[in-house]
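Please read the following briefing alongside the sequence and the 3D view. It goes from the whole chain to single residues.

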Amino acid sequence: QLRSIQLTMHGQDSAPTLLKLWNDKADKIDFDNHTEHKCQQSIELAFDNQCEIHWKTSQHKFNDLTVLKMLFKKEDYDEDDNDTEIRLNYIGLKGDYKGPKSRRAVHTIYEAAANPNDHATVTSAQQKNEAKNNFIG
């Protein structure tokens, strides 16, 4: 669950002015096809070289986040100009990690009818462990 993003920008001339975010569960979005996919959130950025601003995200769009794609843009970006660059010193992601959601079927083996031979083995193993613990203690 992504709550906010913090950035430390290198300088005013190389700072991004726009950030686009995708919750790319299928990991299919890249620089070549990002225009074909609607971003989950677009954030207009202000210059911040002290990492003081927390840009809030729409949490409901990033609840089940597994792959985050970020695209930084400059307002005055010219695709023909190879000297244009965006420089960031730090990207901070704030939120909660809740672990992977398991959607796989659970394969279980259970004992429909008790097999006394199995239980005798378990009982003898427990007795051996108790004997070892009593000897040490």
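Where in the chain does Asp64 lie? Asp64 is in the loop between E4 and E5, where E stands for a strand; helices (H or I, at least four residues) and strands (E, at least two) are DSSP runs, numbered from the N terminus. This is a predicted model, in which local features need pLDDT of at least 70, side-chain atom pairs count only at pLDDT 80 or more, and totals for chains, interfaces and linings use all residues. Residues are numbered from 1 along each chain as its sequence is written, and side-chain values use heavy atoms, with hydrogens and water left out.

**The chain as a whole**

- The chain has 1 helix and 6 strands, and its elements follow the order β-β-β-β-β-β-α from the N terminus.
- Of its 137 residues, 25% count as buried; buried means under 20% relative accessible area, exposed over 50%, and partly exposed in between (1.4 Å probe, protein chains only).
- The accessible surface of the chain is about 10,800 Å², and carbon and sulfur atoms account for 47% of that; such areas come from the Shrake-Rupley method with a 1.4 Å probe, and for residues only the protein chains shown count as cover.
- Among contacts between residues at least 6 apart in sequence, 73% join residues at least 24 apart; contact means heavy atoms within 4.5 Å.

**The sheet**

- Three strands form an open sheet: it has 3 strands in the order E3-E2-E5, with antiparallel pairing. Two strands pair if DSSP finds at least two bridges between them.
- The edge strands are E3 (41-44) and E5 (68-73), and each of them pairs on one side only.
- From one strand to the next, the twist averages 20 degrees; the axes are lines fitted to C-alpha atoms (for helices over the stretch in contact), and angles run from 0 to 180 degrees between N-to-C directions.
- Strand E2 (residues 18-23) pairs with E3 in the antiparallel sense over 4 bridges, while 6 bridges join E2 to E5, also antiparallel.
- Leu19 has Ile43 as its bridge partner in E3, and Leu19 also stands opposite Phe72 in E5.
- Lys20 stands opposite Ser42 in E3.
- Strand E2 is mostly covered, since 5 of its 6 residues are buried.

**The nonpolar core**

- The largest nonpolar core has 12 residues, among them Leu19, Ile43, Leu45, Trp55 and Phe72. A nonpolar core is a set of buried Ala, Val, Leu, Ile, Met, Phe, Trp, Tyr and Cys residues joined through side-chain atoms within 4.5 Å.
- Strand E1 (2-9) and E2 each supply at least two residues of this core, and E1 gives the most, with 4 residues.
- In soluble globular proteins, nonpolar side chains tend to be buried together.
- Leaving aside its neighbours within four places in sequence, Leu45 is in contact with several residues, including Leu7, Met9, Leu19, Trp55 and Phe72.

- Ser4 is found in strand E1 and counts as buried because its relative accessibility is 4%.
- Not counting residues up to four places away in sequence, Ser4 touches His54, Trp55, Lys56, Thr57, Gly92, Leu93 and Lys94.
- Asp64 has a relative accessible area of 27%, so it is partly exposed.
- A polar contact of 3.4 Å joins the side chains of Asp64 and Asn23. A polar contact is a pair of N or O atoms within 3.5 Å; within protein, one must be able to donate a hydrogen and the other to accept it, and residues adjacent in sequence count only if both atoms are side-chain atoms.
- Asp64 and Leu2 are 62 residues apart along the chain, and their C-alpha atoms are separated by 8.9 Å.
- Lys28 is found in the loop between E2 and E3 and counts as exposed because its relative accessibility is 57%.

**Backbone angles in two loops**

- Most residues other than glycine have a negative phi.
- Asp27, in the loop between E2 and E3, has a positive phi near 55 degrees.
- Cys51, in the loop between E3 and strand E4 (55-56), has a positive phi near 60 degrees.
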